[in-house]
Each structure stands twice: as C-alpha cells, then as structure tokens.
Number of protein chains: 2
Amino acid sequence: MRIVEISHDECTHLLNRVSIGRLASSLDNQPYVVPVCFAYEPNYLYVFSTVGKKIESMRQNPKVCMQVDDIASPSNWMSVVVEGNYRELQEAQYSAEKERAKERLSRSSEWWVAPLAQRREHTSDILIEPVFFRIDIQSMSGLRGIPEAE
Amino acid sequence: MRIVEISHDECTHLLNRVSIGRLASSLDNQPYVVPVCFAYEPNYLYVFSTVGKKIESMRQNPKVCMQVDDIASPSNWMSVVVEGNYRELQEAQYSAEKERAKERLSRSSEWWVAPLAQRREHTSDILIEPVFFRIDIQSMSGLRGIPEAE
C-alpha cells in the first residue's frame, strides 16, 4: 500500500459524498469520539446530535476534530481530518442555517434527522434531546491508501 | 429510533468482530482522530500504526479514546467507546504481545498488517514507519440504535 496526500478538492468531494463522520472532543486532555451525521458547506460542518457527554465537553472546550472516511479495503481508502471550533446554534438566530442543514442531511439520511431533530422524548433508556451545532473549519487534510498494484 | 445502552459482553463482542476503529488523541486540548486497525484482548487494544501526528500526540499525552461501530443504517447501529492509556511497546520486551497481536490482526486484515508492520519504506509522499502500541483500557461503554418498528 502507498499512502498519498489528497487535494483540498478531493477532501471536499468526500465530505459532500459521505454523511457519517466521527467527531472527537476533548476535556482535560481526555479525548472522546462518537459517530455523528453531518452536512458539509464551505467553511462549515453542520451536525444534529443528542445532548450528552460530547455536548457537555464541547461547551467547555470548543476545539474539535471530525474524521470522515471511505474504506473500500484496508489498502484502498480515503480519510479526511477536519479541525475546527464548535459553535452551538440557537433557534432564532440560526434558523436559516438550521433549515438548510436539515434539508442537506435529509437527502442522505432522512430517518436519522427525524428522530433527532423533530422529537424530544425519553425512551426506555436514553433522553433524546436534539442539539444543532456547527463546526467552523480551521484546517482540513486528507490521505489516500492505494493498493501496490495500481 | 430508540437508543439503549448495551452490556459489557455486547461491547466486547463488537470489539472482537470489528477490526477498524477510530482513535482519538489530544494535545493541548485539540483532539485529533484517525482510523486504525486494532485487535482486542481483555483489558487491551493492540494497534499497528505509522509514525505521524497521532503518535507524537500520544507520546506527550497518553490519554486516548477508541470508537468502534457497526452501522447498518442511521437508525440501526451499535457503537462502543473505549477510554484508556497509550503504551508504546518496544521490540524486545513486548515481542510475545506483538506476535500475538500481529496474528490476531492478520486474521481479519492481512494486507493491512503487512505493509505497516513488516516494511519501512519511503513512498512518493508519506514515510511508512511502523509503530506497535497498546491501549490499556480504563473504561468501556456502548449504545445501540434500534428502529422504532422493533
């Protein structure tokens, strides 16, 4: 396998094509990472999520990292890493962005957005309380693994 | 979608079944997350990796988080989060662990281990220098998303 850097355009192409990423936050230098559904716009990633440990962490330390990949095999893959800052979006001020992000997310994952964004319920175990936030992108880079035969 | 906590046994079952995880490290409270191939043993996760930003980060701050999932659809998934400490394994002292981990990893991903662990080469862009390390597991938890219809 060879590993090569990919261009900014190839990074954004992957971010437009894939809708599930892994979001890392950090509190007192203890990192924490969970899968989230996101929508990419130039300079921003939009995310709907449930309240929980990661939201509490990002409210205290807004530095985050989103990793997005497409792994065909362990020797044939692309991975993009985005570093940025968490910004929670309040209802009134960001309603236009929220609608646009919901629309973007719903294209690829309608059943994901629905339970998180449109309902507030207590299931048997976990409180599902939706939070809408944005990651202001500070840097972006990507790698590609290529099988030797290519 | 309902979200429920899964048991420790269900967590370890997923860690045994899946060999690609997302590993988060943190330096100066800036998290960083990348995909890695791992092998689970009780109390430990074993990882072969290339030298780079994450290794430099973990050498300075050993607190890490590994996230492993199986996502059938956005409303039908399992995700396990492991928090632990990075320990780099030197050749002589840990040769038995290294051989066992290589054997475990090779079952599910032979072409992944080979280029990372057995070669040291400079490709056109990225230096592939293998590092073998262990994550000493401090805590483990998991969630499952279940479609409403179930």
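1. **Confidence.** pLDDT is the predictor's confidence in each residue, on a scale from 0 to 100. This is a predicted model, in which local features need pLDDT of at least 70, side-chain atom pairs count only at pLDDT 80 or more, and totals for chains, interfaces and linings use all residues. Residues are numbered from 1 along each chain as its sequence is written, while chains are lettered from A and ligands numbered from 1 in the order in which they are written. Chain A averages a pLDDT of 83. In that chain, 83% of the residues score at least 70. For the complex, the predictor gives an ipTM of 0.85 and a pTM of 0.86.

2. **A stretch to read with care.** Over residues 110-125 of chain A, pLDDT stays under 50. The model has 34 contacts beyond four places in sequence for this stretch. A contact here means two C-beta atoms, placed from the backbone, within 7 Å. Where pLDDT is low, the predicted coordinates should not be read in detail.

3. **Layout of chain A.** The chain has 3 helices and 9 strands. Both are DSSP runs numbered from the N terminus: helices are H or I with at least four residues, strands are E with at least two. Along the sequence the pattern is β-α-β-β-β-α-β-β-α-β-β-β. Take the contacts in chain A between residues at least 6 apart in sequence: 69% of them join residues at least 24 apart.

4. **Burial in chain A.** Of the 150 residues in chain A, 37% are buried. Buried means 20 or more other C-beta atoms within 10 Å of the residue's own; exposed means 12 or fewer; partly exposed lies in between, with C-beta atoms placed from the backbone. Strand 2 (residues 20-27) of chain A has 6 of its 8 residues buried, so the rest of the structure largely encloses it. Strand 4 (residues 44-50) of chain A is mostly covered, with 5 of 7 residues buried.

5. **Strand 2 of chain A and its partners.** Strands count as paired if DSSP finds at least two bridges between them. Strand 2 of chain A runs antiparallel to strand 3 of chain A, and 8 bridges join them. A:Ala24 has A:Val33 in strand 3 of chain A as its bridge partner. These two strands form a hairpin with 2 residues between them. In that turn, A:Asp28 has a positive phi of about 55°. Strand 2 of chain A also pairs with strand 5 (residues 63-73) of chain A, antiparallel, over 3 bridges. There A:Arg22 stands opposite A:Gln67.

6. **Strand 4 of chain A and its partners.** Strand 3 (residues 30-41) of chain A pairs with strand 4 of chain A in the antiparallel sense over 4 bridges. This is a hairpin too, with 2 residues between the strands, and A:Asn43 in the turn has a positive phi of about 80°. Strand 4 of chain A also pairs with strand 9 (residues 130-146) of chain A, antiparallel, over 7 bridges. Follow A:Tyr46: A:Ala39 stands opposite it, and its bridge partner in strand 9 of chain A is A:Arg134.

7. **The core.** The largest nonpolar core has 60 residues. Such a core is a set of buried Ala, Val, Leu, Ile, Met, Phe, Trp, Tyr and Cys residues joined through C-beta atoms within 7 Å. Those with the most contacts inside it are A:Ala24, A:Met66, B:Ala24 and B:Met66. Leaving out residues up to four places away in sequence, B:Met66 touches B:Gly21, B:Leu23, B:Phe38, B:Leu45, B:Val82 and B:Ile135.

8. **Helix 1 of chain B.** Which residues of helix 1 (residues 8-17) of chain B are buried? They include B:Cys11, B:Leu14 and B:Leu15. The arc is taken from the directions from the helix axis to the C-beta atoms. Exposed B:Asp9 and B:Arg17 sit on the face turned away from the buried side. The cover over the buried residues includes strand 3, strand 5, strand 6 and strand 9 of chain B.

9. **Helix 2 of chain B.** B:Lys54, B:Ser57 and B:Met58 are buried in this helix. They cover an arc of only 95° around the axis, which puts them on the same side of helix 2 of chain B. The buried residues pack against strands 2, 3, 5 and 6 of chain B. B:Glu56 lies in helix 2 (residues 53-60) of chain B. B:Glu56 counts as exposed because it has 12 C-beta neighbours inside 10 Å.
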